[in-house]
Amino acid sequence: MATKPAAAATKRPRILTRSTVLPAVGIGLITALLAVQEHAPFLIGIVVGLAVAGVIIGMIALKRALYGD
């Protein structure tokens, strides 16, 4: 029976993959649009959107670190 090589066991999953970044950017974009809709300045909307995207990426990374993939 074949076993996995040792190098495969030490390979860590990448955090910034398409399945992580696209949902975070989508939710960040929606949040930025909502901030602008509430008459916030455009740059504040961008900052809020990036902050929300960063928080979501962090939550996904924390979930993967604690519970695995």
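Ile 56 is buried, with a relative accessible area of 13%; here buried means under 20% relative accessible area, exposed over 50%, and partly exposed in between, for a 1.4 Å probe and protein chains only. Ile 56 belongs to helix H3. Ile 56 and Pro 23 lie 33 residues apart in sequence, and 8.5 Å separates them in space, C-alpha to C-alpha.

## Basis of the model

This is a predicted model, in which local features need pLDDT of at least 70 and side-chain atom pairs count only at pLDDT 80 or more, while totals for chains, interfaces and linings use all residues. Residues are numbered from 1 along each chain as its sequence is written, and side-chain values use heavy atoms, with hydrogens and water left out.

## Overall architecture

The protein has three helices and zero strands, and its elements run α-α-α from the N terminus on. Helices (H or I, at least four residues) and strands (E, at least two) are DSSP runs, numbered from the N terminus.

Of the 69 residues in the protein, 14% are buried. The protein exposes about 5800 Å², and carbon and sulfur atoms supply 72% of that area. Accessible areas come from the Shrake-Rupley method with a 1.4 Å probe, and for residues only the protein chains shown count as cover.

Thr 20 lies in helix H2 (residues 18-37) and is buried, with a relative accessible area of 1%. Its side chain makes a polar contact with the side chain of Arg 64, at 3.3 Å. A polar contact is a pair of N or O atoms within 3.5 Å; within protein, one must be able to donate a hydrogen and the other to accept it, and residues adjacent in sequence count only if both atoms are side-chain atoms.

Gly 58, in helix H3, is partly exposed at a relative accessible area of 37%; its C-alpha atom is separated by 9.7 Å from that of Thr 20, 38 residues apart along the chain. Gly 45, also placed in helix H3, counts as buried at 1% relative accessibility. Gly 45 and Gly 28 are 17 residues apart in sequence and 9.5 Å apart in space, C-alpha to C-alpha.

## The loop between H2 and H3

His 39 is found in the loop between H2 and H3 and is exposed, with a relative accessible area of 75%. Its phi is near 65°, a positive value in a residue other than glycine. Most residues other than glycine have a negative phi.

## The nonpolar patch

Val 36, Phe 42, Leu 43, Ile 46 and Leu 50 form a nonpolar patch on the surface, with about 510 Å² of accessible area together. Patches are made of residues with over 30% relative accessible area and no salt bridge, like charges being joined within 9 Å and nonpolar side chains (Val, Leu, Ile, Met, Phe, Trp, Tyr) within 5 Å; a salt bridge is a side-chain nitrogen of Lys or Arg within 4 Å of a carboxyl oxygen of Asp or Glu.

Helix H3 (residues 42-67) gives the most to this patch, with four residues. Leu 43, placed in helix H3, is exposed, with a relative accessible area of 62%.
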